[in-house]
Amino acid sequence: MDEVQRIGDYALRQARPEDVEGARALMLDTFYREMGSGYVPEWHADVIDLERTYLRTPGQTLFVADFGGEVVATAGLRAGGPKSPPNPLWLAEHYARGATAQLVRTYVRASHRRRGLARALVEKCCEFAAESGYDTAYLHTNPEIDGAEPFWRSLAKEVHDARGEGEAIVHFEIALPTSPA
């Protein structure tokens, strides 16, 4: 999956070692500026070693959108579903089998939004997941982040809305095509 897809002046591709610092900067900016949480080690440990987590671990990947040498969007895929805690035990058990991947780190710099970058990167992650033998892509989002919930509702099926449980989280899944035997 080393091909580059073009959307206007953007180059979408699997992340390379030279993309790691730009991807990390975008992710940290998102944690601090958009989410207001800052870096939280138990939630964001993968961001410290993006190369090991996404570039050197089989079955996991990170895609980026490059604009003139700057990483302006990311979307990642990790093996496994949600963990409990902090998520409900039934949800973690539902995705505990080995055929689930988790979509993570889908972020676009504000000045580059509304250009189809996130959708295209998520599609690339889902293609990678299907080719890697996963049958489901799980994800969660904070519906309080502007545009996040409608974006995911346009691509995925809601599994659980935890807002009534005091959480600002909605859980989704995307069924992936299975490879022919």
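So, E3 and E4 run antiparallel, with seven bridges joining them; strands here are DSSP runs of at least two residues, helices (H or I) of at least four, numbered from the N terminus, and two strands pair if DSSP finds at least two bridges between them. Val64, for instance, has Thr74 in E4 as its bridge partner. Two residues sit between the strands of this hairpin, and Gly68 has a positive phi near 60°.

Before I go on, this is a predicted model: local features need pLDDT of at least 70, and side-chain atom pairs count only at pLDDT 80 or more, while totals for chains, interfaces and linings use all residues. Residues are numbered from 1 along each chain as its sequence is written, and side-chain values use heavy atoms, with hydrogens and water left out.

Okay, the other neighbour of E3. E2 and E3 also run antiparallel, joined by five bridges, and Ala11 stands opposite Asp66 in E3. E3 itself is mostly covered, with six of its seven residues buried. Buried is under 20% relative accessible area, exposed is over 50%, and partly exposed is in between, using a 1.4 Å probe and protein chains only.

Now, the aromatics. A pair of aromatic rings is described by the distance of the centres and the angle of the planes. Rings of Phe, Tyr and Trp (its six-membered ring) pair if their centres lie within 6.5 Å; planes under 30 degrees apart are stacked, over 60 edge-to-face, and the rest tilted. The whole structure has four such pairs. One of them is Tyr10 with Phe67, a tilted pair at 4.9 Å centre to centre and 35° between the planes. Tyr10 is in strand E2 and Phe67 in strand E3, so this pair ties together parts that are 57 residues apart in sequence. Tyr10 is buried at 6% relative accessible area, and Phe67 is partly exposed at 31%. Then there's Phe151 and Trp152: ring centres 4.9 Å apart, planes at 70°, so that pair is edge-to-face. Trp152 counts as buried, at 7% relative accessibility.

What about the nonpolar core? By that I mean buried Ala, Val, Leu, Ile, Met, Phe, Trp, Tyr and Cys residues joined through side-chain atoms within 4.5 Å. The largest one has 31 residues, and those with the most contacts inside it are Leu77, Leu103, Leu117, Ile174 and Leu176. Among the elements giving two or more residues are strands E2, E3 and E4, along with helix H6. H5 gives the most, with 10 residues. Take Leu117: leaving aside neighbours within four places in sequence, Leu117 is in contact (heavy atoms within 4.5 Å) with residues including Ile7, Tyr10, Leu12, Ala65 and Val72. There's a second, separate core of 14 residues, including Ala23, Met27, Phe31 and Tyr54.

Zooming out to the whole chain. It has six helices and eight strands, and from the N terminus on they run β-β-α-α-α-β-β-α-β-α-β-α-β-β. The radius of gyration, over C-alpha atoms, is 15 Å, close to the 16 Å that the globule rule gives for 181 residues, so the chain is as compact as a globular protein of that length; that rule is 2.2 Å times the number of residues to the power 0.38. Of the 181 residues, 50% count as buried. And of the contacts with a separation of 6 or more, 66% are between residues 24 or more positions apart.
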